[in-house]
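Here is a short report for a first look at this structure. Keep the sequence and the 3D view open while reading.

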Amino acid sequence: MTLWRIRATVDDRPGYLSVLTASLALRGVNILTVQVHTTERGAVDDFLVDAPDTVDEADLLAAVKRGRGRDCWVARSEARGLADQPTRVLGLANRLVRDPDGTGEALRALLGADTVTWRPARAEQGGIFDTTMVLADPGGGSYALRRAAPGFTPAEYARAQALVELAATVARRAAEHVTLVLPDGAELGVRPAVADDLAGVVELHERSSTRTRHRRYLGGATTPAPARLRRLLEPARGLTLLATVAGSGGAADSVVAMANLLAEGDEAEVALLVRDDWQRRGLGSALLRRLVRQADTAGYAALVLHVQADNAPMLRTLRRLGRPTTAEHDGSLVTLTVPLATPQPAKVQGRAPR
């Protein structure tokens, strides 16, 4: 028995696919897998079949034609083709998580492309053009894929674009993970927070003093409920950064600071929580500068900070930015506003929880 791949277009009408499969069965062909790609010209059926050794390409083409199939393409296949499509896609996604630079090879493996070319210029028009596919790279540039046959389908284009977007997300996440060196020589990792950081952030709060928590949350010193912390870790509008130090003896990294940038209309509110033993070491200033850059990039008009009047360390941290600041006093609370250099409409509107 020999493995073959068959691709043919069948009218999307009741009973037409069964006619095609019956025609193949008369030749002793066993259908192992089938994928259906919906197109404007009809349903493109992609079969992996096991055929007797006496059946050749011409026999298969004749059987498809007799079964009302058209635009038929036939080629020998390999045993690896037995893996179903979801399994193959998940395997390729796993490879990209480990190595986002392997996007071109992953696309080639996914679609059986003969060539995959990356170009620095963004494509003026993406899409499929028979045996050529053009994909926009979210990180900049574009990919061009070519294969001799068969032509690409809209379903293959959607899969390929999803794979490219996954690679871009992984690469962006990797670029956002930085090593921060403090003036005293201590090294920390700084990265965006994710939902799985909840336990580490709860520990950060538990290891912070009552005064430190009160300065962060103004209205109380207790650790916020898990639901509120989850919203802070992955805000719908904004960004949360965590500073971590490597654990000893294989232990997980410890979260020693959390910096929140939360959108409020065309402004962004900033808040910091730094564990007591990491205060007065330049960590708060470094995190605040990163949030300012993020707010500038996002196009917010200003940063807003709500600070207790006796929170001298936070007020000094803000002064180190060297930016003009206005202050409004309301009893023991000071609201500080820092205009950004190039005010633009913010990308998202609405008020986020503090």
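## Ground rules

Two strands pair if DSSP finds at least two bridges between them. Helices (H or I, at least four residues) and strands (E, at least two) are DSSP runs, numbered from the N terminus.

This is a predicted model: local features need pLDDT of at least 70, side-chain atom pairs count only at pLDDT 80 or more, and totals for chains, interfaces and linings use all residues. Residues are numbered from 1 along each chain as its sequence is written, and side-chain values use heavy atoms, with hydrogens and water left out.

Five bridges link strand 1 (residues 2-10) with strand 4, and the two run antiparallel.

## Helix 1 against helix 2

Helix 1 (residues 16-25) packs with helix 2 (residues 57-66) at an angle of about 145°. Their axes are 8 Å apart. The crossing is right-handed. That term applies if the near helix is turned clockwise from the far one by less than a right angle, and left-handed if anticlockwise.

Which residues make the contact (heavy atoms within 4.5 Å)? Helix 1 gives Leu20, Ser23 and Leu24. Helix 2 gives Leu60, Ala63, Val64 and Arg66. By class, five are nonpolar, one is polar and one is charged. Here Ala, Val, Leu, Ile, Met, Phe, Trp, Tyr, Cys and Pro count as nonpolar, Asp, Glu, Lys and Arg as charged, and the others, Gly among them, as polar.

Four strands make an open sheet with antiparallel pairing, in the order 5-8-7-6. Strand 5 (115-119) and strand 6 (127-129) are at the edges, each with a single partner strand, so one side of each is left without a neighbour in the sheet. Neighbouring strands are turned by 15° against each other on average, direction ignored.

Strand 5 pairs with strand 8 (residues 142-146) in the antiparallel sense, over five bridges. Val116 stands opposite Leu145 in strand 8. Helix 4 (residues 103-111) packs on this sheet and touches strand 5, strand 7 (132-136) and strand 8. The direction of helix 4 makes about 35° with that of strand 8.

## Backbone details

Asp130 has a phi near 60°, a positive value in a residue other than glycine. Asp130 sits in the loop between strand 6 and strand 7.

Ala149 and Pro150 are joined by a cis peptide bond, with omega about -5°. Pro150 belongs to the loop between strand 8 and helix 5 (154-176).

## Charges over rings

A charge sits over a ring if NZ of Lys or CZ of Arg is within 6 Å of the ring centre and within 35 degrees of the ring normal. Arg68 lies over the face of Tyr16, 4.9 Å from the ring centre. Arg281 lies over the face of Trp278, at 4.1 Å from the ring centre.

Technical notes: Axes fitted to C-alpha atoms, helices over the stretch in contact; angles between N-to-C directions. Contact = heavy atoms within 4.5 Å.
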